[in-house]
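The structure is shown first, and the description follows.

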Amino acid sequence: MSERSGSGEPEIEEIIARIVQGSKLTAKRRGTSIKPDVEALNSLSYDRGLLPTELNELVDLVTTPNHLDQASLASIVRNLYPATPVDNDVITKVIGSIGHGRSKPSLAVQGLCHLLVLITRRNDPALTGLLRVFKDYYPEIIVGDATRGKASPFNRAHAELAVSRSEKPLDGFRVNRHRNHGVRGTDGAVVPGVHTSHVTENAVTLEEIENVDGFVKKLERIELPNQLVAVLGDPLLQKLLLLKPNLEADQRVNNWLSSYAYDVMSGDSDANPLYIFGVLRDYVAATKCLSPVLLAFLGEYLGRWDGTSGREMILEILSHSPLIDFGELYGHVFQPLEARVLDGTATSQADMLKFYTALLRRWTVYLASVDQLSAQANSAVSNLTTHVNGLCLTLLQTSSSIATHSMVLDFYEQVASLITGARGSSRVRVVIPPSPLVYMLYFAPSAATVSRLCGVLARYKEGLQKAMATSRADYTPEYVNEFNGFLMDICNCLWRSRAFNVRDDNSHGCLVPRPLVDALSAYVRDLDTGASLASLFSLSHSPVLGLMSISHFRSLEDAALERGADALGIRHAGPVTRATLASLAEDGGLRLTWDEYRLGVLRYLEENGLSGIGELMYNTMTTLMKKA
């Protein structure tokens, strides 16, 4: 007799016994409906709770095959309220009932696996973690609120298997057996490893592949593993799905990511997303694809990110963002990203610039690989360039270091590579750099910076000419004249000895205010050196190119001396000008024309890794085009 005896109400044991007996018979053989007993059971369970023996009987009932209808089973599951602490055996039975098989309850009943929480009425971290493991392996089954609460599955279990990706290199043509139990971070299991069961007779498992030859020969017979989400962490499975695309695999990976993202964003998981970002970084790098699910998750996650932790991983993952409408990307992802990263420092600005450069590089590769693009994709690159123009200008004003100049030029070299490509010039509108940025780089104290800038402008000129040949309407005369002004000003400085001139067509005078030019000109005249301000930025006098120019001239003099002791009566003291060359020849020095000297300097610069200056001169100066 139970402790409920004498209550005057139907014994709950008798009701359970009738339900269990009825579950063994089909509805037709029972003769009477079982629903009244189910309703009575649920009412008593709700009012008084279930004792351990009663609970154990009902768990046996709902977790083993029987003839009760789904509605009755679901009703019983929802009303399993324990009156006392629950035995471990009961929980073990529930866990053991989960999965596929003839002896398992239906998936509809399993989808109510919040039973574990209901029968315990507690938020035990270990229990919640165990449920999360089930959810990881079967993401397509919805477990409702069962996994709410912060808990990490098996925090300390199998710690020896948590081998970091940096400690052991990944073998691209064999399953990573050293961590075949899953990819883990410090918080426990996250991504299951590759494991294949129920293989047909003629099939081959990924675990059997040992090298590239075996992979190629057995490719058509390879069986997919049980957990397709393992593709996130296993290079061999990634290769298999790239060569043999599988919609089911894609869907299951997306389901897993959606489930994981929901847990993180809803606060149901205490797992740090940064632990899995390393896995995702390698995955998107291998597949060259950032799925919409993952992109949306990252966009949401940025709202709670501190802007520092895992910055490199997050930026690298997002650099694989798809070539879609830039406004959409910026609004949902890049703007919240900038809000977290940019803090007014050169470091944060440089990180964003490097990110955008990597993004553009990948978009360039994609553009070269496809035949047709949407109108949104066509404009995405130009919109990106326009946005980054502002970032580059801000960075140059925050930091004037040579390293900063190099990062800015990395971006514009990538733009130049795109617009001069076989397809890019006809697909992407050429967006020229801001005028102040061009002159800030041109007057940088580095010959390499000046050369790289000139090379970029030369390629921009080529790309602009190609683009205008097919779509001139996209470029107004004012827009083209602004770009031509860059070329005119640099040629005036280097080749014509007419720095800061504004009288030539399209010239900007390097944007130096006229009062300042007048003041500097007066200062130079007072120095009484015989030189003018306009000539002090030529090849011979330029602060960054003067040494290279005189070095070239002295190499010519040395060669002349080697040909004979009396070949030179005098050597040039420098810097070289048209006038000094004439007087030098009259005094027995090296005989060389002004044009020969300047062309020689361009060749000398090219031989010493500064080819950009010559590229721009030959591309811009009419007199040099014939000599190129």
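## Gly299 and its surroundings

Leaving aside residues up to four places away in sequence, Gly299 touches His332 and Val333, where contact means heavy atoms within 4.5 Å. Gly299 belongs to helix H14 (residues 292-301); helices (H or I, at least four residues) and strands (E, at least two) are DSSP runs, numbered from the N terminus. With a relative accessible area of 15%, Gly299 is buried. Buried means under 20% relative accessible area, exposed over 50%, and partly exposed in between (1.4 Å probe, protein chains only). Gly299 and Tyr330 are 31 residues apart along the chain, and their C-alpha atoms are separated by 9.9 Å.

The model is predicted: local features need pLDDT of at least 70, side-chain atom pairs count only at pLDDT 80 or more, and totals for chains, interfaces and linings use all residues. Residues are numbered from 1 along each chain as its sequence is written, and side-chain values use heavy atoms, with hydrogens and water left out.

## The chain as a whole

The secondary structure of the protein chain comes to 29 helices and four strands. Of the 628 residues in the protein chain, 50% are buried. Among contacts between residues at least 6 apart in sequence, 66% join residues at least 24 apart.

## Helix pairs

Axes are lines fitted to C-alpha atoms, for helices over the stretch in contact, and angles run from 0 to 180 degrees between N-to-C directions.

| Helix pair | Crossing angle | Axis distance |
|---|---|---|
| H16 (residues 326-341) and H17 (residues 346-369) | roughly 150° | within 10 Å |
| H22 (residues 447-470) and H28 (residues 611-620) | about 35° | 6 Å |
| H21 (residues 435-442) and H22 | about 140° | 8 Å |

H21 is oblique to H22. Angles under 35 degrees count as roughly parallel, over 145 as roughly antiparallel, 65 to 115 as roughly perpendicular and the rest as oblique. Val438, Leu441 and Tyr442 of H21 meet Thr449, Val450, Leu453 and Leu457 of H22. The contact of H21 with H22 has six nonpolar residues, one polar and no charged ones. In this classification, Ala, Val, Leu, Ile, Met, Phe, Trp, Tyr, Cys and Pro count as nonpolar, Asp, Glu, Lys and Arg as charged, and the others, Gly among them, as polar.

H16 and H17 are roughly antiparallel to each other, and their crossing is right-handed. A crossing is left-handed if the near helix is turned anticlockwise from the far one by less than a right angle, and right-handed if clockwise. On the H16 side the contact includes Phe326, Leu329 and Tyr330, while H17 contributes residues including Met352, Phe355 and Trp363. The residues of this contact divide into eleven nonpolar, one polar and one charged.

H22 passes H28 in a left-handed crossing. Among the residues that meet are Cys454, Leu457 and Lys461 in H22, and Ile613, Glu615 and Leu616 in H28. By class, the contact of H22 with H28 has six nonpolar, six polar and two charged residues. Gly612, Ile613, Gly614, Leu616, Met617 and Thr620 are the buried residues of H28, and they pack against H22, H23, helix H27 (594-607) and helix H29 (622-625).

## Individual residues

His320 lies in the loop between helix H15 (311-318) and H16. At 7% relative accessibility, His320 is buried. Its contacts beyond four places in sequence are Val284, Ala285, Lys288, Leu290 and Arg362.

Asn492, in helix H23 (residues 477-494), is buried at a relative accessible area of 1%. Beyond four places in sequence, Asn492 touches Ser497, Arg498, Ala499, Asn501, Asp504 and Ser507.

Most residues other than glycine have a negative phi, and most peptide bonds are trans. In the loop between H23 and helix H24 (514-527), Asn506 has a positive phi near 70° and is partly exposed at 30%. Cys510, in the loop between H23 and H24, has a positive phi near 60° and is buried at 5% relative accessibility. The peptide bond from Gly574 to Pro575 is cis, with omega near -10°. Pro575 is found in the loop between helix H25 (546-563) and helix H26 (578-586).

How many disulfides does the structure hold? The structure holds zero disulfides, a disulfide being a pair of cysteine sulfur atoms within 2.5 Å. Cys289 is partly exposed at 42% relative accessibility, whereas Cys392 is buried at 0%.
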